[in-house]
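Me: Can you walk me through this one? I have the sequence and the 3D view open.

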Amino acid sequence: MKPADIIVPALIGYLTTYIVTVWIIKISKARGFVGKDVNKPDKPEVPLLGGIGIVAGFVAGSFSYLLITDVSPAKEEIEKVVVSVLLSSLLIGYLGILDDVLNLRQSVRAFTPVFASIPLILYSSGHSTISIPFFGIVNFGIFFYIIILPAALTIAANAFNMLEGLNGLGAGMGIIMASALAYIGLRSKGPAFYAGILALILAFTLFSFLLFNKYPAKIFPGNIGTYFIGSVIGSIGIAGYMYTALFFLYIPYAIEFVLKARTKFKGVSFGKVSPDGYLYWDEKPNSLTHVVMKLGKLKEYEVVAILWGIEIIFAVLAVIFQEIVIKI
């Protein structure tokens, strides 16, 4: 495959996200889809539904990748990976936009992603033998498809949605995770390689969105954005057999889950704001963001940068251990 066949879909994803996000900012303001940026002293109103730009960019990039590879000898295998990732992620993205508009109950948000795993199951993406870090290789058989795969995608989508609330946090974390999967995939063959290209498209798409979502944010991703990013990362990891990488990439989110569980998932990731714009948290932490805020006097973008740094460490571990598994 030529380098252009990889770069062009990623650039199309980048440009589409940029154009659509500019449009969504205007439309959201005009239609009243705005939310308060509670991490700022003056609590400005910021447009919501930015995730629509992310979805549009990833879909455009993925479709262009399918068109470019239409004459490829591996066309069927490529379509299997791309279509399964797209369908599962779009189903969860649909859940996200319903949540943005209708404010769904927590139980609905938690378990609906189970049904989004059906495309991955039908296309038989992944395999039942998994190398579990520190345990070894385990063959789960049919239980992989009826329990593990749906659970993995559900956790990936919901966990990503939990650790959000600061300008640029989710988009930046997604770029780091997608970049790690892209690096692993593009150095591999078969389904992992095709999944790696999708990861690259996602990374470019999120970078485009980050231009608008970074501090001070001009738009928020909304639930459609956070659910979609989490589901795409999970789907790519499953379709590309990069389970070990997913394990390490989601460790910060596992910690977030535990912290949120202590509050029966009623805790928030927002901080308290001092008059001079510094974030702090003087209560028992119920988010990783609060743990970071307790390190000292930090601005919002500094809290985000520290969390990005933590995720980069786990991304490096994801690459190292996934390559060990591949050699085995």
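Me: Which residues are buried in helix 1?
Reply: D5, I6, P9, A10, G13, T16, T17, V20, T21, I24, I25 and S28 are buried in helix 1. Buried means under 20% relative accessible area, with a 1.4 Å probe and protein chains only. Helices are DSSP runs of H or I, at least four residues, and strands are E runs of at least two, numbered from the N terminus.

Me: Where do the numbers come from?
Reply: This is a predicted model, where local features need pLDDT of at least 70 and side-chain atom pairs count only at pLDDT 80 or more, while totals for chains, interfaces and linings use all residues. Residues are numbered from 1 along each chain, and side-chain values use heavy atoms, without hydrogens and water.

Me: What covers the buried residues of helix 1?
Reply: The cover includes strand 1 (34–36), strand 2 (45–47), helix 2 (51–68), helix 8 and helix 9.

Me: New topic. At what angle do helix 8 and helix 9 cross?
Reply: Roughly 155°, and their axes come within 7 Å. Axes are lines fitted to C-alpha atoms over the stretch in contact, and angles run from 0 to 180 degrees between N-to-C directions.

Me: Are helix 8 and helix 9 roughly parallel or antiparallel?
Reply: Roughly antiparallel. Angles over 145 degrees count as that, and those under 35 as roughly parallel.

Me: How many nonpolar residues are in that contact?
Reply: The contact of helix 8 with helix 9 has 17 nonpolar, 6 polar and no charged residues.

Key
Angles under 35 degrees count as roughly parallel, over 145 as roughly antiparallel, 65 to 115 as roughly perpendicular and the rest as oblique. Ala, Val, Leu, Ile, Met, Phe, Trp, Tyr, Cys and Pro count as nonpolar, Asp, Glu, Lys and Arg as charged, and the others, Gly among them, as polar. Buried means under 20% relative accessible area, exposed over 50%, partly exposed in between (1.4 Å probe, protein chains only). Contact means heavy atoms within 4.5 Å.
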